[in-house]
Amino acid sequence: MEIFTIGHSNYSVEKLIDMLRYYNIDCVVDIRGTPYSKYNIQFNKETIKNTLIRAGFVYIYMAKEFAAKRENKISYNSEGYSDFEKVINEEDFLVGMKRLKDGCNKGYKIALLGAMQDPIRCHRSILVGRELINYGFEVKHILDNYSLASQNDIEESLLDKYFDERNQLSIDNLLGNEKSRDDMIKEGYKIANKEIGYRIEHIDN
């Protein structure tokens, strides 16, 4: 099963629709917890819902299931944002995963809609995309230039962003204490989770 993600950023509606049609997507699942913007009002929830429906897309809002800003705070940590490693075990999240799987099995070509242009700055890859892999999905993140990034590409970007000196010789390398690639990827997800959580809970309000 393949599933796409896209961030609307400050695109025009026309560009977003063109990007979706480029990959023959017919169903948009909006996973934004705060689907409103002072600067990009074309993507306010009711507006983009009506625009997409008029353009022939199915529009579904699934923030309860997949947003980084959770309605239920059971997965929040002491720093005041949701811990994605706990979110994936919430009942709402699990129900959402089943709905996506059912939708794909019915033949819908689905794109998850987030806000940020760069997938590694958005929970669509750091929370949802990461877990979709464990459910057997092939995740394809649509980038600004219409190219695609896989979840493996996202993990490479996390390594480049947070561990850019990983290939350099260090004391830890010499002593055999260096982090493994898997450990760095796991830590990269945690750092990205914190950055996303802090931004959503403390800046977007």
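**Exercise 1. Among contacts in the chain between residues at least 6 apart in sequence, what percentage join residues at least 24 apart?**

Solution. Start with the term: a contact means heavy atoms within 4.5 Å. Among contacts between residues at least 6 apart, 72% join residues at least 24 apart.

Before going on, some ground rules. This is a predicted model, where local features need pLDDT of at least 70 and side-chain atom pairs count only at pLDDT 80 or more, while totals for chains, interfaces and linings use all residues. Residues are numbered from 1 along each chain as its sequence is written, and side-chain values use heavy atoms, with hydrogens and water left out.

**Exercise 2. Check the radius of gyration of the chain against that of a compact globule.**

Solution. With 205 residues, the rule gives a value near 17 Å; the chain has 17 Å, so the two agree. For the outline, the C-alpha atoms fill a box of roughly 60 × 35 × 35 Å along the principal axes.

**Exercise 3. Decide whether Ile48 and Asp164 are buried or exposed.**

Solution. The cut-offs for relative accessible area are under 20% for buried, over 50% for exposed and partly exposed in between (1.4 Å probe, protein chains only). Ile48 has 0% relative accessibility, so Ile48 counts as buried. Asp164 reaches 57%, so Asp164 is exposed.

Helices are DSSP runs of H or I with at least four residues, strands are E runs of at least two, and both are numbered from the N terminus. Ile48 sits in helix H2 (residues 45–54), whereas Asp164 belongs to the loop between helix H7 (151–162) and helix H8 (171–175).

**Exercise 4. Which residues line the largest cavity, and which helix gives the most?**

Solution. On a 1 Å grid over the protein atoms alone, a cavity is a set of points where a 1.4 Å probe fits but cannot get out, and lining residues have an atom within 4 Å of a point. The lining consists of Phe84, Glu85, Ile126, Arg130, Tyr189, Lys190 and Asn193. H9 (181–203) is among the helices that supply at least two residues, and H9 gives the most, with three.

Terms used:
1 Å grid on protein atoms, 1.4 Å probe; cavity = no way out; pocket = protein on both sides within 12 Å on 5 of 7 lines; lining within 4 Å. Rg over C-alpha atoms; globule rule 2.2 N^0.38 Å.
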